[in-house]
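Have the viewer open as you read.

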Amino acid sequence: MQWMKKVFSLREESTNPLAFMRIVLGLLLLFEVVTVRPQLYALIGKYGIVQPEGTSLMAPPFMPRIGWWTDFAEAYLGWSEETGIEIFFWVYVAGLTAFVLGVKWRVAAILTWLLHLAFKCSASVSSYGVSEFANILLFYSMFMPVGRSWSWDAWRKGWPAPMLSACLSRRMLR
């Protein structure tokens, strides 16, 4: 660890700025969820403005889509597409809430990133710049210590706030 400090000029820093990023990002995405909710079926699904066949042409073929989940739910669980989209939506809201509160923050970051990516690829027509930056920050949040302070986990476990990885993480964001 000493060699990293010398080579990269790292020092232990507070994780508070990363926690602030986690909370603001999560609240921004929750606000987006609240505003998109009334038009959810107009953006996603068989009866949306752009059909799933059209959106699948706009996103890379290996990216996750909500259609994969709804096809599975229809074929194996007997659910309608609307029910599958609804459940997917509420799992995304639960993941965002856990991410903001810092409850199992790394698991919440992974879940939120995957679900956000699926929403972004399924409604790629309505995707815009903020969605792209949110996707990048959610990806980084899986690896950065964003839940080491101002979180449920930090309060419960009593983690020390200053960390070497906080300095490295902040430099990556610059």
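## Starting point: N135

This is a predicted model. In it, N135 has a relative accessible area of 13%, so the residue is buried, the cut-off for that label being under 20%. N135 belongs to helix α8.

Which residues does N135 touch once its neighbours within four places in sequence are left aside? The partners are W113, H116, L117 and K120.

## Helix α7 against helix α8

Those contacts lead us to a helix pair. Helix α7 covers residues 105–122 and helix α8 covers residues 129–141, and the two pack at an angle of about 150° with their axes 8 Å apart. Because angles over 145 degrees count as roughly antiparallel, α7 is roughly antiparallel to α8. The crossing in which α7 passes α8 is left-handed.

On the α7 side, the contact is made by W105, A109, T112, W113, H116, L117 and K120. From α8 come S131, E132, A134, N135, L138, F139 and S141. Sorted by class, this contact of α7 with α8 has seven nonpolar, five polar and two charged residues.

T112 sits in helix α7. With a relative accessible area of 0%, T112 is buried. Not counting residues up to four places away in sequence, T112 touches Y92, G95, L96, F99 and L138.

Is L115 buried or exposed? L115 counts as buried, at 10% relative accessibility. Setting aside residues up to four places away in sequence, L115 touches F88, V91 and Y92. For V91, the separation from L115 is 24 residues in sequence and 8.4 Å in space, C-alpha to C-alpha. Y92 is a partner of L115 and is listed among the contacts of T112 as well.

## Helix α2 against helix α8

Helix α8 also packs with helix α2, which runs over residues 16–36. Here the angle is about 140°, and the axes are 11 Å apart. That angle makes α2 oblique to α8, and the crossing of the two is left-handed.

Which residues make this contact? From α2 they are M21, L25, L28 and L29, and from α8 they are V130, A134, L137, L138 and S141. By class, the contact of α2 with α8 divides into eight nonpolar residues, one polar and no charged.

## The whole protein

Stepping back, what does the secondary structure of the protein come to? The tally is 10 helices and zero strands, and along the sequence the pattern reads α-α-α-α-α-α-α-α-α-α.

The protein has 174 residues, of which 40% count as buried. The accessible surface is about 9,800 Å², and 70% of that belongs to carbon and sulfur atoms. Sequence separation can be viewed for the protein too: among contacts between residues at least 6 apart in sequence, 74% join residues at least 24 apart.

Note on methods: Residues are numbered from 1 along each chain as its sequence is written. This is a predicted model: local features need pLDDT of at least 70, side-chain atom pairs count only at pLDDT 80 or more; totals for chains, interfaces and linings use all residues. Side-chain values use heavy atoms; hydrogens and water are left out. Helices (H or I, at least four residues) and strands (E, at least two) are DSSP runs, numbered from the N terminus. Buried means under 20% relative accessible area, exposed over 50%, partly exposed in between (1.4 Å probe, protein chains only). Contact means heavy atoms within 4.5 Å. Accessible areas come from the Shrake-Rupley method with a 1.4 Å probe; for residues, only the protein chains shown count as cover. Axes are lines fitted to C-alpha atoms, for helices over the stretch in contact, and angles run from 0 to 180 degrees between N-to-C directions. Angles under 35 degrees count as roughly parallel, over 145 as roughly antiparallel, 65 to 115 as roughly perpendicular and the rest as oblique. A crossing is left-handed if the near helix is turned anticlockwise from the far one by less than a right angle, and right-handed if clockwise. Ala, Val, Leu, Ile, Met, Phe, Trp, Tyr, Cys and Pro count as nonpolar, Asp, Glu, Lys and Arg as charged, and the others, Gly among them, as polar.
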